[in-house]
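Me: I would like to go through some of the labels used for this structure and see what each one rests on.

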Amino acid sequence: DIHHSGGPITVGKDDTGYDVRFYGATSGKYWEWDESDNVVRMRDNVKSLYGDGGDLEIFHDGSGSYIKDDTTPLKLNSQIIGLMNAADNQKMVYATQGGSVELYHSGTKKFETNTSGVSVFGKVYFDGVSSSYIDNNSHDLELRGAGGVSLWTHVSTWKKRIGIGDGGDISFYEDTGTTAKFYWSAANERL
């Protein structure tokens, strides 16, 4: 039941249509309109190509799904772009137009850009480099902690070297990193 009456070509009648398949030259490869599910299906390795040269490809190969463009930027235009997990219940990346970009680990925010720079939620580790440092030569470097600030070093194990308490007391630790051997009392203003 293919009809053409001056308008679009139709297959079947509205709400009583049929499945439609377009077969390719390879057995088992086809594009299908499934009227009962109201979906378009492509079999594994059947690609949708867009652009004069087929620059943009969208396909599934049985083990992964792909959106591929080798020649031009792949742009997603939206006021909010979110990458979610497969269950659609945890954020992975969330970007807001004119606002923040957020990175998540297992649904928990770990990194966010903001007007003053970035915010990190959790610890920051520097691995695989000969030296790890924070370089801030144009402004004061502020380290803040609700329960104080500690400086640790690591050779074969982590060892606490300096502890600064909320009240301004400063403790300098011995070589094992367990006992403060040199202490500044902020209240008494003396060592």
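Me: What makes Lys-47 count as lying over the face of Phe-59?

Reply: Lys-47 is 4.6 Å from the ring centre of Phe-59. A charge sits over a ring if NZ of Lys or CZ of Arg is within 6 Å of the ring centre and within 35 degrees of the ring normal. Lys-91 also lies over a ring face, that of Tyr-94, at 3.9 Å from the ring centre.

Me: What kind of model is this, and how are its residues numbered?

Reply: The model is predicted, so local features need pLDDT of at least 70 and side-chain atom pairs count only at pLDDT 80 or more, while totals for chains, interfaces and linings use all residues. Residues are numbered from 1 along each chain as its sequence is written, and side-chain values use heavy atoms, with hydrogens and water left out.

Me: Why are Phe-22 and Trp-31 called a tilted aromatic pair?

Reply: Their rings are 5.2 Å centre to centre, with 55° between the planes. Rings of Phe, Tyr and Trp (its six-membered ring) pair if their centres lie within 6.5 Å; planes under 30 degrees apart count as stacked, over 60 as edge-to-face and the rest as tilted. The count by this rule is four aromatic pairs.

Me: What makes the pair of Phe-172 and Phe-182 tilted?

Reply: The ring centres of Phe-172 and Phe-182 are 5.6 Å apart and the planes stand at 55°, so this pair is tilted. Phe-172 belongs to strand 16 (residues 170-173) and Phe-182 to strand 17 (residues 180-184), so the pair ties together parts ten residues apart in sequence. Strands (E, at least two residues) and helices (H or I, at least four) are DSSP runs, numbered from the N terminus. Phe-172 is partly exposed at 31% relative accessibility, and Phe-182 is partly exposed at 44%.

Me: How do you know that Glu-32 and Arg-41 form a salt bridge?

Reply: The closest N and O atoms of Glu-32 and Arg-41 are 3.9 Å apart. A salt bridge is a side-chain nitrogen of Lys or Arg within 4 Å of a carboxyl oxygen of Asp or Glu. Glu-32 also meets Arg-43 in a salt bridge, at 3.2 Å from N to O.

Me: Why is Glu-32 called buried?

Reply: The relative accessible area of Glu-32 is 4%, so it is buried. Arg-41 is partly exposed at 28%, as is Arg-43 at 27%. Glu-32, Arg-41 and Arg-43 are linked in a network of salt bridges with Arg-21, Asp-34 and Asp-37.

Me: Why are strand 9 and strand 13 at the edges of their sheet?

Reply: The open sheet has five strands in the order 9-10-11-12-13, with antiparallel pairing. Strand 9 (80-84) and strand 13 (117-120) each have a single partner strand, so one side of each is left without a neighbour in the sheet. Two strands pair if DSSP finds at least two bridges between them. Strand 12 (residues 108-114) and strand 13 pair over four bridges.

Methods
Buried < 20%, exposed > 50% of the residue type's maximum accessible area, 1.4 Å probe, protein only.
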